[in-house]
Amino acid sequence: MITRYLASVTTKFNPFTPGAKTARVFLANLPPNARQNMQINTTVLPRASVEPATLDIKFKDGKEMTIDLEKMKINDVAVEVDRHSRMLQRQEDLSNS
Amino acid sequence: MPPRIRLRASQLLARPTFPLQCRYASTAAATTPTSTPPPPQRYPTTQPPSYKPPQFRKSQLHRTYTSLLRSTPLLLLFQHNNLKSNEWTSLRRELANAMRAADASNATHLADSIKLQVIRGSMFAMALRVVEFWHPETTGPSRLTHGLSEAAYKAAKNAQIKTELEPLLAGPLVVLTLPAMSPEHLAVALSILAPSPAFPAPRRRVNPGYHEPAVLSAVQKLMLLGARAEGRVFDTEGARWIGGIEGGIDGLRAQVVGILQSFAGGLAGTLETASKSLYFTLEGRRQVLEDESKPEGKEEAKEEAKE
């Protein structure tokens with residue numbers, strides 16, 4: 001997963017629900033220096049909470065992405081994020097050359 | 001040499017008893033009916049047979065985790081998001097220092113046994129199933145009572161039954177194990193590993209080592225998921241609630257004693273009320289009678305004085 005173009009990640013989940021696994025694995029896939037390069041806000045909800053898990057991603061160009069954790073697994077999330085990141089990468093390559 | 005004649009058991013029993021002149025070892029062994037001996041043990045007592053090959057790393061992890069789960073009354077579960085090795089070492093150093101300080105203030109010796117240990121989620125889940133669902137002392141007589149035995153495997157195999165902790169056991173995980181139920185140590189550990197308004201991190205002036213960049217970034221990457229205390233599963237708030245028990249286990253005992261004492265006092269008071277009210281009634285009646293008799297006596301005395 002390309003994480004270079006992420007500006008902020010906001011997630012909120014109840015770890016006892018199945019939807020939380022995707023959000024947690026997404027956080028685990030971010031690189032070790034992620035906290036220096038982007039804003040990461042994590043809220044762990046109590047066990048009794050029925051609030052659905054949310055994962056909001058903001059890119060450096062301002063695009064916001066809200067991931068539906070009910071349907072998408074981590075591989076689907078990675079595909080979705082990479083699609084936009086690759087576009088930003090191409091733009092960067094073109095502007096540099 | 002004595003005659004080597006094989007005799008059947010029925011023939012031996014039917015034989016008339018007569019005093020033998022001499023007994024040979026071979027015949028004597030044949031005449032005594034022996035009970036069936038237990039089948040010979042074909043493995044050393046320290047290495048009972050395992051269901052899965054014991055030399056595998058997984059088997060040994062399973063063994064370690066069952067032993068860990070059985071021996072820790074209090075366990076905190078964290079997710080670790082890509083900590084670097086220097087961050088791990090500095091975090092463990094700060095935790096050990098804080099635990100030693102907590103030991104000194106509570107006069108305990110737990111610091112050396114409180115460990116932050118990275119676990120394999122799936123193996124931990126299997127070990128947890130064995131610990132929760134397999135009870136060799138109740139299931140029946142079995143010679144093999146260790147967690148790697150076939151009986152343990154079969155008891156834990158049923159995927160339909162889930163443990164409460166199972167949804168948490170995915171992704172990179174680390175457990176903090178405490179060898180005793182000590183809310184004081186838990187409170188200190190929470191303030192180091194997962195600071196919150198209830199358990200604030202140590203101030204820079206008090207503990208400058210905690211404010212090193214490696215420790216701070218390590219704490220940022222740790223995420224408290226839940227806790228397992230005395231076999232029950234708690235969420236983050238539950239873990240903080242356990243840490244917030246004032247005075248630890250002794251404080252709880254004092255609370256129970258207080259409740260029982262107040263209850264006993266109330267009961268004694270209730271039982272006393274009947275006799276007390278009877279006493280007051282009788283006393284009141286006696287006073288009324290005395291008051292009735294006294295004025296008459298006084299009036300008589302006055303009349304006598306007038307005359």
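A salt bridge is taken here as a side-chain nitrogen of Lys or Arg lying within 4 Å of a carboxyl oxygen of Asp or Glu. In this predicted model, the rule finds one salt bridge across the interface of chain A and chain B, and 15 salt bridges are held by the structure over all chains. Between the two chains, A:Arg47 is paired with B:Glu164, and their closest N and O atoms are 2.8 Å apart.

The size of an interface is often expressed as the accessible area that is lost when the parts come together. For chain A and chain B the buried area is about 1700 Å², of which 57% lies on carbon and sulfur atoms. On the side of chain A, the most area is lost to chain B by A:Phe16, A:Arg24 and A:Arg35, which together account for 37% of what that side buries. In terms of contacts, 16 residues of chain A meet 21 residues of chain B.

Within chain A, a salt bridge joins A:Glu51 to A:Lys12, with the closest N and O atoms 3.4 Å apart. This pair links distant parts of the chain, since A:Glu51 is found in the loop between β2 (39-44) and β3 (54-59), whereas A:Lys12 belongs to strand β1 (residues 6-13), 39 residues apart.

On the surface of chain B, a patch of positive charge is formed by B:Lys52, B:Arg57, B:Lys58 and B:Arg120, and B:Lys58 is situated in helix α3 (residues 57-71) of that chain.

Notes:
Residues are numbered from 1 along each chain as its sequence is written. Chains are lettered from A and ligands numbered from 1 in the order in which they are written. This is a predicted model: local features need pLDDT of at least 70, side-chain atom pairs count only at pLDDT 80 or more; totals for chains, interfaces and linings use all residues. Side-chain values use heavy atoms; hydrogens and water are left out. Patches are made of residues with over 30% relative accessible area and no salt bridge: like charges are joined within 9 Å, nonpolar side chains (Val, Leu, Ile, Met, Phe, Trp, Tyr) within 5 Å. Accessible areas come from the Shrake-Rupley method with a 1.4 Å probe; for residues, only the protein chains shown count as cover. Lys and Arg count as positive and Asp and Glu as negative; His and the chain ends are not counted. The place of a charge is taken as NZ of Lys, CZ of Arg, CG of Asp or CD of Glu. Helices (H or I, at least four residues) and strands (E, at least two) are DSSP runs, numbered from the N terminus. Contact means heavy atoms within 4.5 Å. Buried area is the accessible area (1.4 Å probe) that two parts lose on being put together, summed over both.
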